[in-house]
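This report is for a reader who is new to the structure shown below.

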Protein chains: 2
Amino acid sequence: MPQFAPLQNDTFLRALLRQPTEYTPVWLMRQAGRYLPEYRATRARAGSFLGLAKNPDYATEVTLQPIDRYPLDASILFSDILTVPDAMGLGLYFEDGEGPKFERTVRTEDDVARLHVPDMASLDYVFKAVTQIRTALDGRVPLIGFSGSPWTLACYMVEGGGSREFHTVKKMLYARPDLMHRILQVNADAVAQYLDAQIDAGAQAVMIFDSWGGALADGAYQAFSLAYMQKVLAQLQRNEGAIIRNGVRIPAIVFTKGGGLWLDEMADIGADALGLDWTVNLGRARALVGDRVALQGNLDPAILFAAPEQVAAEVEKALASYGTPSAGHGHVFNLGHGISQFTPPESVTAMVEAVHAFSRRQRAA
Amino acid sequence: MPQFAPLQNDTFLRALLRQPTEYTPVWLMRQAGRYLPEYRATRARAGSFLGLAKNPDYATEVTLQPIDRYPLDASILFSDILTVPDAMGLGLYFEDGEGPKFERTVRTEDDVARLHVPDMASLDYVFKAVTQIRTALDGRVPLIGFSGSPWTLACYMVEGGGSREFHTVKKMLYARPDLMHRILQVNADAVAQYLDAQIDAGAQAVMIFDSWGGALADGAYQAFSLAYMQKVLAQLQRNEGAIIRNGVRIPAIVFTKGGGLWLDEMADIGADALGLDWTVNLGRARALVGDRVALQGNLDPAILFAAPEQVAAEVEKALASYGTPSAGHGHVFNLGHGISQFTPPESVTAMVEAVHAFSRRQRAA
């Protein structure tokens, strides 16, 4: 394992582990992104999104941009949630102005039979980026590694891209649950190896993005998404139950967009924290999960289109809804979804300042 | 008020009013639609969707098609959720293969100031269709009237069409809540008049479709969607609290897609029943709302892509999850969203048969 500078700000990690913090730490999903002019400049030099994401130098550059601009409490690896199926040979690509697509889909018995856990060496560009970013961060804030969830990867693998209704993948789920379970098992094994390798490369926390779990029916969610995230977490290299490297705990966050109805079950799959989208009431969620997990979220990214004072007021509402953290509870502030490319950068300034200031006042009161 | 034949099957109405029924009644959102070849034939003769929806003869023809084909327990007016803003002069139109759009949007102070409740005479084609459909039904099953919710109408009015992220309308909500409240108040007044006129024309139940309430943050949902549905319900013509015509109760159903986290609050706004999407566990929802409201839902429409025996098995699971209806509880079976145009019509046969057969067995057990 590479050696890195000591961590100067562990507020984020402590909040995830439900330990006391002086204020509520904050970061933003997709914080290195198109709303930042400096990102757009690097992206233009890289030529394409994948050219950027697959080049550790560029990935390092853009990962640090929001850290340089704002007093954020965590950084997140710049990458894509679909690197794993790309490494399976499905051919990830992006068309201008559209979401991710795959050249090859996984739909037939033969497609499924051919599927296997990719050699992690083919994802070396990711692990190189992790080590390089962690080195460049020089201990300022922790670095989060991540992956798409087994179900979310399967959605793209079967549909061949994004979808509104997920008819193809859901048809397979209901008509051929055997095929779907086989895909998910391969995905879970691959995601576990992938996250473990990110941790070995220097990731200080990991997050599983279950972007499309919320499209599933109650019952199907538990069987086809939640169960496989649990398998991922169970397979991560652990010591006495905890994910630890060099004596330091590596917290794991699970985020199912649209999963607010299943928080009670999500709290028991072995994650340290749950991400929440903006439909969830923070106070109610805290009461529901108790001291089982920390919470992360959950401002509507659209709030960042309002004036700075309105942003601050909404931050205050959210923090008040969560309440003052107490023993065994933890809260990491974030948006409820990735930040929009149309966000004025000064809104993020207002948000981050408001989180830090109000949460310090809360604790002082 | 026109005179109509006596109702032969009131199972649907009794379930909504939480009265005992011999079996669980069933209908499907968007049951008159493109998955039916007879619908596609009428649609081709009408030339366009709006040509069909605005012509009472065609609307009657397609409304009755699923009733003739399946033993459904309710029919629903064939119309669009956006007739009201169209009557406000915004110019509803459809482009091939795309969702509804408006020629004019409502975004500026001037736009909002100009907005007013439309003369109901401009919606006469809807009320004519209601009367004509009810006459043609000849008492076989009840007829449901409907409207989009004030918030859902506002989404289309401000965005000018469908949206993935609702940035424009949410920006207005957070930056200019005064403008948003004014739009919603006009919409609520208009929807109340519109539903009252449908009831006067012969609708035997009404449903408010809040298709986009689930896009709102907790807090914003209550203030900008739920509160205005409550205003609509409160303004409907009532006798001693109940909506009654000719001595008969007219139940009102409210459906917020993605609103599963807010059912407790939704149960108190004066609706008789709540629609549920497929993310909601029927048994938990029943326990939560108690005897305040009946429930309607909630199969994932994607289940209808599986084989008939798989459809039947999923129906059975859903009915078992709800449990046997008891005094003060009511359940109307439905999908959790509109039926897909790609659904094999024989899947609907399997679903309706399974609902009727299993729910009779449940009651006999």
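## A covered strand

In chain A, strand E5 has both of its faces covered: A:Ala205, A:Met207 and A:Phe209 are buried on one side, and A:Val206, A:Ile208 and A:Asp210 are buried on the other. A residue is called buried if 20 or more other C-beta atoms lie within 10 Å of its own, exposed if 12 or fewer, and partly exposed in between, with C-beta atoms placed from the backbone. E5(A) spans residues 205–210, and six of its six residues are buried. In a regular strand the side chains alternate between the two faces of the sheet.

The model is a predicted one, in which local features need pLDDT of at least 70 and side-chain atom pairs count only at pLDDT 80 or more, while totals for chains, interfaces and linings use all residues. Residues are numbered from 1 along each chain as its sequence is written, and chains are lettered from A and ligands numbered from 1 in the order in which they are written.

## The sheet around it

E5(A) belongs to an open sheet of seven strands in chain A, with the order E1-E4-E5-E8-E9-E10-E11 and parallel pairing. Strands pair if DSSP finds at least two bridges between them; strands (E, at least two residues) and helices (H or I, at least four) are DSSP runs numbered from the N terminus. The edges are E1 (75–76) and E11 (331–335) of chain A, each of which pairs on one side only.

Strand E4(A), residues 143–148, runs parallel to E5(A) and is joined to it by five bridges. Within that pairing, A:Val206 is the bridge partner of A:Gly145. E5(A) also pairs in the parallel sense with E8(A), residues 252–256, over five bridges. Here A:Val206 stands opposite A:Ala252, and A:Met207 has A:Ile253 as its bridge partner.

## Helix packing in chain A

Helix H7(A) lies across E1 and E4 of chain A and runs at about 155 degrees to E4(A). Axes are lines fitted to C-alpha atoms, for helices over the stretch in contact, and angles run from 0 to 180 degrees between N-to-C directions. H7(A) (residues 124–137) and H10(A) (residues 177–201) cross at roughly 35 degrees, and their axes come within 8 Å. From H7(A), A:Val126, A:Phe127, A:Val130 and A:Thr131 meet A:Ala197, A:Gln198 and A:Ala201 of H10(A). Residues are in contact if their C-beta atoms, placed from the backbone, lie within 7 Å.

A second pair is H5(A) (residues 83–90) and H8(A) (residues 150–159), which pack at an angle of about 45 degrees with axes 10 Å apart. The contact involves A:Val84, A:Pro85 and A:Leu90 of H5(A), and A:Leu153, A:Tyr156 and A:Met157 of H8(A). By class it has six nonpolar, no polar and no charged residues. Ala, Val, Leu, Ile, Met, Phe, Trp, Tyr, Cys and Pro count as nonpolar, Asp, Glu, Lys and Arg as charged, and the others, Gly among them, as polar.

## Where chain B meets chain A

How many residues of chain B are in contact with chain A? There are 28 in chain B, touching 28 residues of chain A. On the chain B side, the elements giving two or more residues are helix H9 (167–175) and helix H14 (308–322). H9(B) gives the most, with five residues. This side of chain B divides into 13 nonpolar, nine polar and six charged residues.

Note on methods: Two residues are in contact if their C-beta atoms, placed from the backbone, lie within 7 Å.
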